[in-house]
Amino acid sequence: AISAAFIPVFSGLINKQKEKEAWRVANSVINIAIVSLILLCLILAILMPYLVPLFVPGFDNEKKDLTVQLARIMLASPIFFGLSYILGGILNSYKRFAVYSLAPLVYNLAIILGTLFLAPIFGVVGVAYAVICGAFLHMAIQIPIVRRLGFRWRAVFDFKDSNVKRIGF
């Protein structure tokens, strides 16, 4: 949803030769999304022992504790994916599709390799960490190209900007 709302606004600014403003909007959206996702994931991590029984009633304490642990570990992935999809929106706006299309392959490869190499050592927790690694790589593979396009991170949180509002923040 963020990408779908972000791409038309970001592309419109680029097409109007307003790249400086486009990068400011991108920074604002990235920063707002990251802070929002971190806060949401922290709240969910705290509530996880109460949420797990709602979704998987009947688990004994051992299975419930493992499910809580795995869910808490994997809560980092929405943060990486949130940033990844915004970076993907930037790439799509510049019609750079190759790296963005490789991101899911890197994600899946990390999970497969994690299952092969981490699961025998750490069990299912190793697979959970492989998911996080995959989500991080999904994001990280896009960063060099986005930087080459001109993106530089800035601590911008402009909730009042009309373009940021149009995107939904």
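**Helix packing and the nonpolar cores**

Helix 4 and helix 7 are roughly parallel to each other, a term for angles under 35 degrees. This is a predicted model, in which local features need pLDDT of at least 70, side-chain atom pairs count only at pLDDT 80 or more, and totals for chains, interfaces and linings use all residues. Residues are numbered from 1 along each chain as its sequence is written, and side-chain values use heavy atoms, with hydrogens and water left out.

Helix 4 and helix 7 (residues 124–140) pack at about 15 degrees, and their axes are 8 Å apart. Helices here are DSSP runs (H or I, at least four residues), numbered from the N terminus. Axes are lines fitted to C-alpha atoms over the stretch in contact, with angles running from 0 to 180 degrees between N-to-C directions. Contact means heavy atoms within 4.5 Å. Among the residues making this contact are Phe80, Phe81 and Leu87 of helix 4 and Ile132, Phe136 and Met139 of helix 7.

I turn now to the cores. A nonpolar core is a set of buried Ala, Val, Leu, Ile, Met, Phe, Trp, Tyr and Cys residues joined through side-chain atoms within 4.5 Å; buried means under 20% relative accessible area, with a 1.4 Å probe and protein chains only. The largest has 27 residues, and Trp23 is one of those touching the most other members. Helix 2 gives the most to this core, with eight residues. Apart from it lies another core of eight residues, including Met48 and Val68.

Terms used:
Buried means under 20% relative accessible area, exposed over 50%, partly exposed in between (1.4 Å probe, protein chains only). Helices (H or I, at least four residues) and strands (E, at least two) are DSSP runs, numbered from the N terminus. Angles under 35 degrees count as roughly parallel, over 145 as roughly antiparallel, 65 to 115 as roughly perpendicular and the rest as oblique.
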